[in-house]
Amino acid sequence: MNTDLMGLPKLEWRSIGPYRGGRVVAVAGDPVDRNTFYFGACAGGIWKTSDGGVYWENISDGYLGVSSIGAIAVSESDPSVIYAGTGEACIRGDVSHGDGVYKSTDAGKTWENIGLRDTRHISRIRIHPSDPNQVFVAALGHAFGSNKERGVFRSRDGGRTWEQILFKSAKAGAIDLSMDPNNPRRIFASIWEAIRTPWSLVSAGRDSGLWRSNDGGDSWEDVSTNPGMPGGIKGRIGVVVSPAKSDRVWAIVEAEDGALLRSDDGGDTWKCVNDSSIVRQRPFYHHHIFAHPKDPDTMWTLPIQAWRSDDGGSTFNMITTPHSDNHDLWIDPNDPDRMIEGNDGGACVSYNGGLTWSSIYNQPTSQFYHVATDNRIPYRVYGTQQDNSAISTPSGSAKAVINFQDSYAVGPSESGYIVVHPENPDIVYSGAIGSAPGGGGTLIRYDHKTGESRIITVWPEIVYGQGAKDMKYRFQWTFPIVLSPHDHKVLYVAGNHLFRSSDEGTNWEIISPDLTRNDKTKGEPGGGPISRDVSGAEVYCTIFSFAESYHTEGMFWVGTD
């Protein structure tokens, strides 16, 4: 038995699952080996499969200083060379930042940090098709502040040195990057002015725009005001050059009259090809587009669902993926039916153009907001998983191996606290957004004996589309839920007030005044100045943490956001 310095048993971490994927915004495939693919998890490092997605292996543990991966690319000319950019660039309120670029020269066996440590959030990496040492990085920069290490960077020596070749301002960074594989000197880069504060997201500004280089990044020109482009300020722009027709470029533009645009003259002029809701969904999170390598009329866009167009972007057909909220797609340039896709449920592989996909239930990369345990022997562990249900998994198994079948959902909760009744472990309380029309502050009581999930929300008001200042009660995306340690019949929930129930959530009473600053200027609808983000995540002036003293009944501690 391992012991610590005092001779006491030493606790060690072990994985108990569940093997259910978490959010992925970075995927890539080996251009030669048809069964080898890679993905970067938003909070779980870098993973590799050598059997087409049947089994995934973590290849970054012990090498990376952070867990969040925002971009990954494999060299076409030397597949043993891989670059990974840390820090995802879909800047949610709970986004994790990175510490630069990592490189592997042995197909992922080992990794080395090669710089750009203060870029924080890297959106894209592109490698020259015939030179693995020439690499381009699109860096968004700090999500919560300004900094100069952002924009587009180039290295010609495999990452030993870097040049900042496109920089707009300290408050705008690069969010997308596309290289013409037929003419690698032609590169398009989109610059996005975006910043988060603890109470807001600003996703547009005068510094946003689309840029083009015709000389490999030595010089750049702004093409976002060229004929056909939307007027006014812009937000996030996704861009891709068609490998099948070099002068064809697609751009999905966040603007007041934003739309999917297409250029057939290399970006000199543009025309709107689609302005439907398919291409205007939650731009800060979903403006991702990809081109078919063989057919110039086929392209993909990945908002909540995955959509493919076979007529140059005029119409789209939905392609079913294993999970919603899609983000990244790699298509084999030689065999377009072979691809890997990343979404909020993990990474999945297809060999038939997206008709079927590999499982996402083989990746232990779940992102958990909160965890809890019950009093069973052996005990079970409970968690609320980002963009999924709450789940329970055993801490051990008589079979020696904990299978996913040993786990089960304990309600549709995604983002909140989770607590288990100390005397009846069948009863689980958890917080959710989006599992009920009530939106903010949704509270679920789950009974494992009956399988019932019952909504016991304090104030079941429809709040989607509203700012916090217009809500009767305000609840955080991850609001506190606590059972009293002195009386297990008493349940507390915290919004802007503290609420108490003595009958398992059937009735509620307010037991405090508004304990927040209630600053109306921090209660506007989320997002802007173009697109609002009204998912329920952007609610502020709330109680963020709460505890009742274990020593003194009725002594409360409250922390606000």
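Arg262 forms a salt bridge with Asp264, with the closest N and O atoms 3.3 Å apart. A salt bridge here is a side-chain nitrogen of Lys or Arg within 4 Å of a carboxyl oxygen of Asp or Glu. This is a predicted model: local features need pLDDT of at least 70, side-chain atom pairs count only at pLDDT 80 or more, and totals for chains, interfaces and linings use all residues. Residues are numbered from 1 along each chain as its sequence is written, and side-chain values use heavy atoms, with hydrogens and water left out.

**Salt bridges**

- Arg262 is buried, with a relative accessible area of 10%.
- A search of the whole structure finds 26 salt bridges.
- One of them joins the side chains of Arg248 and Asp297, at 2.7 Å from N to O. This pair links distant parts of the chain, 49 residues apart. Arg248 sits in the loop between strand S19 (237-241) and strand S20 (249-253). Asp297 sits in the loop between strand S23 (289-291) and strand S24 (299-301).
- Arg248 counts as buried because its relative accessibility is 6%. Asp297 counts as partly exposed because its value is 31%.
- Lys469 and Asp470 form a salt bridge, with the closest N and O atoms 3.4 Å apart. Asp470 is partly exposed at 46% relative accessibility. Lys469 is partly exposed at 31%.
- Salt bridges that share partners join Arg154, Arg156, Glu163 and Asp218 into one network.

**The whole chain**

- The chain holds one helix and 43 strands. Helices (H or I, at least four residues) and strands (E, at least two) are DSSP runs, numbered from the N terminus.
- A compact globule of 561 residues would have a radius of gyration near 24 Å, and the chain agrees, with 24 Å. This radius is taken over C-alpha atoms, and the globule rule is 2.2 Å times the number of residues to the power 0.38.
- The C-alpha trace spans about 70 × 55 × 45 Å along its principal axes.
- Buried residues make up 60% of the 561 residues.
- The accessible surface of the chain comes to about 22300 Å². Carbon and sulfur atoms account for 50% of that surface. Accessible areas come from the Shrake-Rupley method with a 1.4 Å probe; for residues, only the protein chains shown count as cover.
- Take the contacts between residues at least 6 apart in sequence: 50% of them join residues at least 24 apart. Contact means heavy atoms within 4.5 Å.

**A four-stranded sheet**

- Four strands form an open sheet in the order S38-S39-S40-S41, with antiparallel pairing. Two strands pair if DSSP finds at least two bridges between them.
- The edge strands are S38 (481-483) and S41 (509-510), and each pairs on one side only.
- Strand S40 (residues 498-501) pairs with S41 in the antiparallel sense over two bridges. Phe499 has Ile510 in S41 as its bridge partner.

**Two buried residues**

- Gly151 lies in strand S11 (residues 151-155). Gly151 counts as buried, at 2% relative accessibility.
- Gly151 and Gln164 are 13 residues apart along the chain, and their C-alpha atoms are separated by 7.2 Å.
- Beyond its neighbours within four places in sequence, Gly151 is in contact with Val137, Ala138, Ala139, Leu166, Gly173 and Ala174.
- Ser203 lies in the loop between strand S16 (200-202) and strand S17 (209-213). Ser203 counts as buried, at 2% relative accessibility.
- Ser203 and Asp533 are 330 residues apart along the chain, yet their C-alpha atoms are separated by 9.8 Å.
- Leaving aside its neighbours within four places in sequence, Ser203 has contacts that include Trp192, Glu193, Phe284, Gly528 and Pro529.

**A nonpolar surface patch**

- Leu5, Met6 and Leu8 form a nonpolar patch on the surface, with about 440 Å² of accessible area together.
- Patches are made of residues with over 30% relative accessible area and no salt bridge: like charges are joined within 9 Å, and nonpolar side chains (Val, Leu, Ile, Met, Phe, Trp, Tyr) within 5 Å.
- Leu8 lies in the segment before strand S1 (24-29). Leu8 is partly exposed, with a relative accessible area of 45%.

How values were computed. Buried < 20%, exposed > 50% of the residue type's maximum accessible area, 1.4 Å probe, protein only.
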